[in-house]
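Colleague: I've got a fold open on screen and I'd like to talk it through with you. Could you take my questions one at a time?

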Amino acid sequence: MLSSAVAGFSVSLALIVAIGAQNAFVLRQGLRREHVLPVVLTCAVSDAALITAGIAGVGTLVADRPALVTTIRWAGAAFLLGYAALAARRALRPGALVPTDRPPATLRATILACLAFTYLNPHVYLDTVLLLGGLAQQHPDRWAFGVGAALASVGWFTALGAGAHRLGPLLARTAAWRWLDGAIAVLMAGLAVTLLVG
């Protein structure tokens, strides 16, 4: 049981640490210190639900429906390209880059954006439902594997959201925000392209 949990934790952490749309959103919220705890909880609970669905066998059902996979891929690519455009716009307009210059987003708007980054991103399904769900089936205790995977998600998002504010002094300058938003725009566009050509 313990070996399955450790394996789930390790694999999940390796998948989730790679910077992606969800991580970039959590990082930005942490830097702005806006609704960090609700965002971290939303991401962690969503990952746990998707991992549970994968272990329960939903991944196999989704993989057997190519049209559904294609629809998810195109919708996710459109969403990522839209966010890339918004990040590029922030990078090109210095007045929009300093966190204190904009009023804080409402909790509702922030959670809706967080849910969009989670559920409109096909990479989340590939990692949690299909890959982690499939790997769990190979372990003697698949649910312990799932618990380990979910704990990795909780730990990572907590560290990312809570630790981001330490970068505050560095990102207090407009130029640093321009670079961050520029990097996010490139990353999101790159993820969208890999979805469309993959």
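Colleague: How many helices and how many strands are there in the protein?

Modeller: Bear in mind that this is a predicted model, where local features need pLDDT of at least 70, side-chain atom pairs count only at pLDDT 80 or more, and totals for chains, interfaces and linings use all residues. Residues are numbered from 1 along each chain as its sequence is written, and side-chain values use heavy atoms, with hydrogens and water left out. Helices (H or I, at least four residues) and strands (E, at least two) are DSSP runs numbered from the N terminus. From the N terminus the elements read α-α-α-α-α-α-α-α-α, so the tally is nine helices and zero strands.

Colleague: Among contacts between residues at least 6 apart in sequence, what share joins residues at least 24 apart?

Modeller: A contact here means heavy atoms within 4.5 Å. With residues at least 6 apart counted, the share joining residues at least 24 apart is 87%.

Colleague: What percentage of the 198 residues is buried?

Modeller: Buried means under 20% relative accessible area, exposed over 50%, and partly exposed in between (1.4 Å probe, protein chains only). Of the 198 residues in the protein, the buried ones make up 39%.

Colleague: How are α2 and α3 oriented to each other?

Modeller: Axes are lines fitted to C-alpha atoms, for helices over the stretch in contact, and angles run from 0 to 180 degrees between N-to-C directions. The axes of α2 (residues 21-32) and α3 (residues 36-56) come within 9 Å and cross at roughly 160 degrees. Angles under 35 degrees count as roughly parallel, over 145 as roughly antiparallel, 65 to 115 as roughly perpendicular and the rest as oblique. Therefore α2 is roughly antiparallel to α3.

Colleague: Which residues of α3 make the contact with α2?

Modeller: On the α2 side, the contact is made by Gln22, Phe25, Val26, Gln29 and Gly30. The partners in α3 are Val36, Val39, Cys43 and Asp47.

Colleague: And how does α3 sit against α7, parallel or oblique?

Modeller: The axes of α3 and α7 (residues 122-136) come within 7 Å and cross at roughly 45 degrees. That angle makes α3 oblique to α7.

Colleague: How does the contact of α3 with α7 divide by class?

Modeller: From α3 come Asp47, Leu50, Ile51, Gly54 and Ile55, while α7 brings Val124, Tyr125, Thr128, Val129, Leu132, Gly133 and Ala136. Ala, Val, Leu, Ile, Met, Phe, Trp, Tyr, Cys and Pro count as nonpolar, Asp, Glu, Lys and Arg as charged, and the others, Gly among them, as polar. The contact therefore has eight nonpolar, three polar and one charged residues.

Colleague: How far apart are the end C-alpha atoms of α8?

Modeller: The expected span of a helix is 1.5 Å times one less than its number of residues. For the 22 residues of α8 (residues 142-163) that should come to 32 Å. The model agrees, with end C-alpha atoms apart by 31 Å.

Colleague: Which residues of α6 are buried?

Modeller: Helix α6 (residues 107-119) has 13 residues and reaches 18 Å from its first C-alpha to its last. Its buried residues are Thr110, Ile111, Cys114, Ala116, Phe117 and Thr118.

Colleague: Is Arg33 buried or exposed?

Modeller: Arg33 lies in the loop between α2 and α3, and its phi is near 55 degrees, positive in a residue other than glycine. Most residues other than glycine have a negative phi. With a relative accessible area of 58%, Arg33 is exposed.
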